[in-house]
Structures are given as C-alpha cells and as structure tokens.
Amino acid sequence: MCLVALVVLAVLSIFSARYRRWAREAFDCVGRRITLRPCISSFNENVRAIITSSLMKRHMGLARFTHRHFEAISLIFTAVMFLSMAYSVYGFYNLAMVGTCDPADPDNCIFNPDGDPNRVVCVFEDYEPEKAVPTIGGFMDIESATVNGGKPMVYFFGTTWCPHCGWEKPIFEEVMNKFNNTIDITIVEIDVEQPEEDMLIFNHYSTDGYIPLLVLGGKYYRIGAGESLGEDGERQVLTAFLCKITRSPNSVAECGQPEIVELIGKI
Amino acid sequence: MDVEKIRQDFPVLQKDFKGKPLIYMDNACMSLKPRQVVEAMNQYYNEFPACAGRSIHRLSTRVEEARRKARQVMQKFIGARKPEEVIFTRNTTEGLNLVVNSLGLGKGDIVMTTDREHNSNLLPCQMLEKRKGAEHRVCLSDNESKFRLDSFEEMLSKDVKLVSFVYTSNLDGYTLPVKEIIKAAHDNGSLVLLDAAQAVPHHEVDVKKLGVDFLAFSGHKMLGPTGTGILYVKKGHYDKLQPFMVGGETVEWSTYEDHEFLAPPEKFEAGLQNYAGEIGLAAAAEYLKGIGSSNIEKHESMLTKQLHDGISAMEGVKIIGVQDPEMRGGITSFSVGGMGYHDIAMILSNNYNTMVRSGQHCVHSWFQAHGIEGSVRASLYIYNTSQEVETFIDALKEIIKLR
C-alpha cells in the first residue's frame, strides 16, 4: 500500500504541498518495509480510514467491503502497479527499438517517434486488396477488413502533373475538410516527395503504381478519379464513405441528408 | 448551567465544516478557549506588551500588576494559602519534572507511581532511577482498574520519599482516593506530588484541604492558553527544592562568582515569562469559577452516563479502564473489536466533524501492560451537549457497521 501511495503522492506533491507530508510518511514506510522493519507511522491505517470515510458518504456497502478487505485490495493494486510499470517499460523498449510500442498491433500504440504523434504505422495483413469487392463510386471494399481504430486514416496519392489527380484533389480536399477533426488526412504528391511509410500504403493498394489512389479507413479504396460521376456525384460518394467510416458525426450535417443516407446504405 | 450561553463564548463552536457543526471531544488533550481568555491575552499584547519586573516604566509596572493579580487568582482557584505557593510553569510536565528532579532524591530513595501514569509523571521517575539510582516502584490497580489503597499502604516504607500519583487519570477519568493516599503517605513521612492536569479543570481542588505537598496542572486543559501551567508548592517545602533551571529573574544579585536567589516563587521562574499566557490563565480560572465546579462536575457526569449507556450497548465495543461511569469524570476510552482506533477517529473527524483522540494517550505503559494496542478517547467538557453525545453515539453505530 505505501509503495502505491508513494508513487501517487509523489506525483501529487509536485502540484500541491498538501500531499507532501503524506508522501514523506509513505517514503519512510517504504524504506522500512524494504529493510524488513515495520512502519512506525500509522500511514496504512490513515489511508484506509480516509478512503473508507470517503466511500461511506457514497455507498456504505462499498465502504464496508473496502474496509474489511483493505489489505487484499492494497496487494492487488500494488501488483497491478508493478505489472503496468513492467508493461510500460516493455512498451518504451519497443518504441525505442522498433518504432512502435506494440509490434503485434501498432494500432494500440499512440506514439510515433518519427513524425506526427497521431500517425501510426499500419500493419496490413488484414488489408488484402486482392480480396476486395466493388462498391459504389468505383471504390473497392475489402470485406474482411474493418476501418482502422482511432481516427480513420484517409489517403490521397497523386502527382502534380496528372490531370485526373488535378480533377480529383480539390473535390477530395473539399469533402475531407468537412470531416476535419474526425479523420487523419494524408495527401501525398509522389512526384514531389515519397515518405517511406506512406509509400508502403501506396504500394500496397496500387500495386501497379496507378494514380490517383484514394484509401479511406484502410477498407475502401479506389484507383482512379471519379470523373464519371461528375463533381456533385463524386462529392456525394466521398461524403457517403466518410460518413460511414466516421459513423456520421454530428458536426457534419450532410450525413443526415437523404441522398447521402441512401448512398451509405449501398456501401 | 446554561450550556448554550457558554457555547456562545467559544468562537470555534460558531463555525461549521461543510455544513456540519464542530463536535469537540478531545478536552483531555486540550480544551477550547473562550473569547474572554483570548481578549485578556490580546489586551496584554495590544496595551502593555512589556517585561514585568525588569524595567520600572509604566508599561512594565502594569505587566507586573497583572501578573501579580493572575497569581492571586490562581492561588484562590486552588485554595492555596498564599500566592507564593503558586509557581507559573509552562505545563504539568514542567511542574512534575521540577519536583522529581529538584528534591535531591538518589540512591536509597524510593519514588512511587501508579500503573496508569501519564508519561509526564512516569518518565521523570524512570529517569531518576537511571540517572540517580533512586528506586521507582509501581503501585498496581485491581482487576477493575481501581486504586488499591491496601496495596499502596503495604508498599509504603521509610525509604519511600515521594509518592507521585495522577489525581485524575487521562486514560479513563478515574479519580484516585487522594485524601486517603495523602494521609497514608504523610503518616509514613513521604511527600506527595499529584498530577492534577485532568482534575483541576473538572472538579474542585482545594490544596489546603487535601494537604498535598506538590500539585501540578496545565492551563491549556482548563480553557487557558497553551504554554501555561501551575506548580503548587506547600509552604515550607521550598527549602527541599533546588531550582533546576536558573537565569534571569531568579536572582537578587550576581557576581562573577556568586549569586543570591530571589525568594520563591520567582526563584523557580527563570527567564522571561509567558505574561500573556499567565493573564489568560487567570481569565480562564475566573471563567470556570463563574460557572462553578459542582455544575461542571454534574454536567460532565450526566453526559458521561449518556455516552456510557449509548456505547456500552454496542456489540464489540469495550470500555477501557474503570467501568462505572460515575467514577469516570468526563472521559470515556473504548476500543472496537475488528476496527482500528485510528480508523474510527479519522472517520469521525472526516464524516461527522467530531474530534476525539486515538492511540495510547501518552499512557503507553498501561496499554503495554494490558496488551491493548490503543483506544479511542472521548473527553467531554462544559460546552458539550447531550445532542452532541447522541450524534456521537449514532456516528459510532454507523462506523462499526464497517466491521
């Protein structure tokens, strides 16, 4: 208990002097426990009493349970603290060595030491373009895949010289900007720059190198512009896909329009 | 006794904490202070904050006069014959230490205490044994935690020079049969020192009638300021005491080689004194005198009985020490099986704004001897009410459900 309390109180002490006395007592208690001596203060009893008295105001049964099993609860918390510390150390080690804190599922990792902290490096085992089926607007749906966790990632790959890219890009940007806070947008003009991890995605979906390539949430993709749909049609299709992968956020009114709802239903 | 009127005199009782009024039941440690005491002290600091005795200017004269009056008030308060029998100290501990260490006791001498002494009385006697070779004996209580006069009389011998007993125990509020003790001790030729810290605030103490040789008590437990106390020294016993702290204000004159002490009590009041405290202490004594010791006793007795009836009915609650509430003054110590005493005290404080003491109350020796880890102690005084006692009982009923 005093070990868990020491960690918590040490952090709280940074922000408030109110906790420093308790932190000192916890430190003394930890020192004694480590050297196999009993604590001389009633730190454990005080902490138990404070927690119990607080719980009593809210729920007597919970207070009773906590009071009766305080030692066991303390041991569990201490064990959980050690486990989470160990897992954190493991995560930091992976982050340093392989660039993600969880190589098995990088989506779990919120850190990216190389760039934008909201960007992740995706592993593509589940995203197999060869297993995709056609859906609306010329897009392909990788049926086995789910939209990536967190903010859906949306990619546009094109070049500065490709006219189809020139047609598609402004419409893409216009629609994507409406979903600004709910998606992670990446636009890559591959004749200008070729960021390594973005090119991994490009090469994965557009195996022959065709552009423009649109990838929506990792699950829906299209090689080529939507010129055949016309500007309005392309806007509606892109809007429908974005509404679907972002679950129609309240901030985007278009997701409630009948024509968009109808398109979503067809995806 | 109009308790509600008395409560109006205590500023801290007018405040509440998160909507709950303060219930103060730690009076055995420290009593609250009425505004009359605070005002008396403030008057010193605001109007004549000067030295007494050392200077001859107007302010100093005023302090000297206030101090003289304060000493007279305290003399009358404890029934001493003369003001010179009253020494101002910082607390009971200082008074007890002064007597035990100044009597010149040593090898071959025996000093006796009871088995329920506060550390402030026990430790000086133990140190006397360690440093000077005197023997320290402990007079044990009976199975009901009551004093055994017969056992005490048997333990008396010609070598027992000092009987240093607690008058009223801070453990359970039990008052010893001090008249009989003093008589037996005097018949044996032993001096008697009483620790009256818990007695003087709560019932009438007349040192003349008791015939006690030395008596010490604190101001902070009788509505007075902290850092104040009184040591009563019966006339004729000053020559037995050598001051153990000397300095300014204790001497008539001094040279590089010698000095001449002032007459007591100044001889034993070294250094600049706590003038504000002494004035405040006198104000506290007058306040208590205005209420009347018999009224105080009656009030506390009534509340203690109510408290006793309430908590003794609770399962698993054990009252410590003497069981009869009539014999316990305003103090009730208890333990609750299956619950820590600190837990109870903290929950009472956090959830019910009720202040009690927990632990071994500086009577570690008694707890060690009886194999008890500690207890909760509720100590009542003039401003506690029946409603507060009821609230305390209800709170305890809730708390013990946590077991």
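This is a predicted model: local features need pLDDT of at least 70, side-chain atom pairs count only at pLDDT 80 or more; totals for chains, interfaces and linings use all residues.
The crossing of helix 8 of chain A and helix 9 of chain A is right-handed. In chain A, the secondary structure comes to nine helices and six strands, and 30% of the 267 residues count as buried.

**Helix 8 and helix 9 of chain A**

- Helix 8 (residues 230-245) and helix 9 (residues 258-266) of chain A pack at an angle of about 70°, and their axes are 9 Å apart; this angle makes helix 8 of chain A roughly perpendicular to helix 9 of chain A.
- From helix 8 of chain A, the residues A:Gln236, A:Val237, A:Thr239, A:Ala240, A:Cys243 and A:Lys244 meet A:Glu259, A:Ile260, A:Leu263 and A:Ile264 of helix 9 of chain A.
- Sorted by class, this contact of helix 8 with helix 9 of chain A has six nonpolar, two polar and two charged residues.
- For chain A as a whole, among contacts between residues at least 6 apart in sequence, 53% join residues at least 24 apart.

**Helix 2 and helix 9 of chain B**

- The axes of helix 2 (residues 35-47) of chain B and helix 9 of chain B come within 8 Å and cross at roughly 150°, which means that helix 2 of chain B is roughly antiparallel to helix 9 of chain B.
- The crossing in which helix 2 of chain B passes helix 9 of chain B is right-handed.
- On the side of helix 2 of chain B, the contact involves B:Gln36, B:Val37, B:Ala40, B:Met41, B:Tyr44 and B:Tyr45, and these meet B:Tyr275, B:Ala276, B:Ile279, B:Gly280, B:Ala283, B:Ala284 and B:Tyr287 in helix 9 of chain B.
- The residues of this contact between helix 2 and helix 9 of chain B divide into 11 nonpolar, two polar and no charged.

**Nonpolar cores**

- The largest nonpolar core has 77 residues, and those with the most contacts inside it are B:Met74, B:Ala196, B:Tyr232 and B:Ile279.
- Not counting residues up to four places away in sequence, B:Tyr232 touches B:Ile78, B:Ala80, B:Glu85, B:Val86, B:Val207, B:Phe214 and B:Leu215.

**Contact of chain A with chain B**

- Chain B brings nine residues to the contact, and chain A brings 14 residues.
- The side of chain B that touches chain A has, by class, three nonpolar, four polar and two charged residues.

- Helix 4 (residues 92-102) of chain B is mostly covered, with nine of its 11 residues buried; the buried residues include B:Thr92, B:Glu94, B:Leu96, B:Asn97 and B:Val100.
- Just after helix 4 of chain B, B:Gly104 takes a positive phi of about 75°.
- B:Pro124 is found in helix 5 (residues 119-132) of chain B, and B:Pro124 counts as buried because 23 other C-beta atoms lie within 10 Å.
- Leaving aside neighbours within four places in sequence, B:Pro124 is in contact with B:Leu96, B:Asn97, B:Val100 and B:Asn101.
- From C-alpha to C-alpha, B:Pro124 and B:Gln75 are 26 Å apart in space, and 49 residues separate them in sequence.

**Cis peptide bonds and positive phi values**

- A:Ile211 and A:Pro212 are joined by a cis peptide bond with omega about -5°, and A:Pro212 has its place in the loop between helix 7 (196-205) and strand 5 (213-216) of chain A.
- In chain B, the peptide bond from B:Pro264 to B:Pro265 is cis, with omega near 5°, and B:Pro265 is in the loop between strand 12 (259-261) and helix 9.
- B:Leu223, although not a glycine, has a positive phi of about 75°; B:Leu223 is in the loop between strand 9 (214-218) and strand 10 (229-233) of chain B, and B:Leu223 is buried, with 28 other C-beta atoms within 10 Å.
- B:Glu249, a residue other than glycine, has a positive phi near 70° and is found in the loop between strand 10 and strand 11 (251-254) of chain B; with 17 C-beta neighbours inside 10 Å, B:Glu249 counts as partly exposed.

Definitions and conventions:
Residues are numbered from 1 along each chain as its sequence is written. Chains are lettered from A and ligands numbered from 1 in the order in which they are written. A nonpolar core is a set of buried Ala, Val, Leu, Ile, Met, Phe, Trp, Tyr and Cys residues joined through C-beta atoms within 7 Å. A residue is buried if 20 or more other C-beta atoms lie within 10 Å of its own, exposed if 12 or fewer, and partly exposed in between; C-beta atoms are placed from the backbone. Two residues are in contact if their C-beta atoms, placed from the backbone, lie within 7 Å. Ala, Val, Leu, Ile, Met, Phe, Trp, Tyr, Cys and Pro count as nonpolar, Asp, Glu, Lys and Arg as charged, and the others, Gly among them, as polar. Axes are lines fitted to C-alpha atoms, for helices over the stretch in contact, and angles run from 0 to 180 degrees between N-to-C directions. Helices (H or I, at least four residues) and strands (E, at least two) are DSSP runs, numbered from the N terminus. Angles under 35 degrees count as roughly parallel, over 145 as roughly antiparallel, 65 to 115 as roughly perpendicular and the rest as oblique. A crossing is left-handed if the near helix is turned anticlockwise from the far one by less than a right angle, and right-handed if clockwise.
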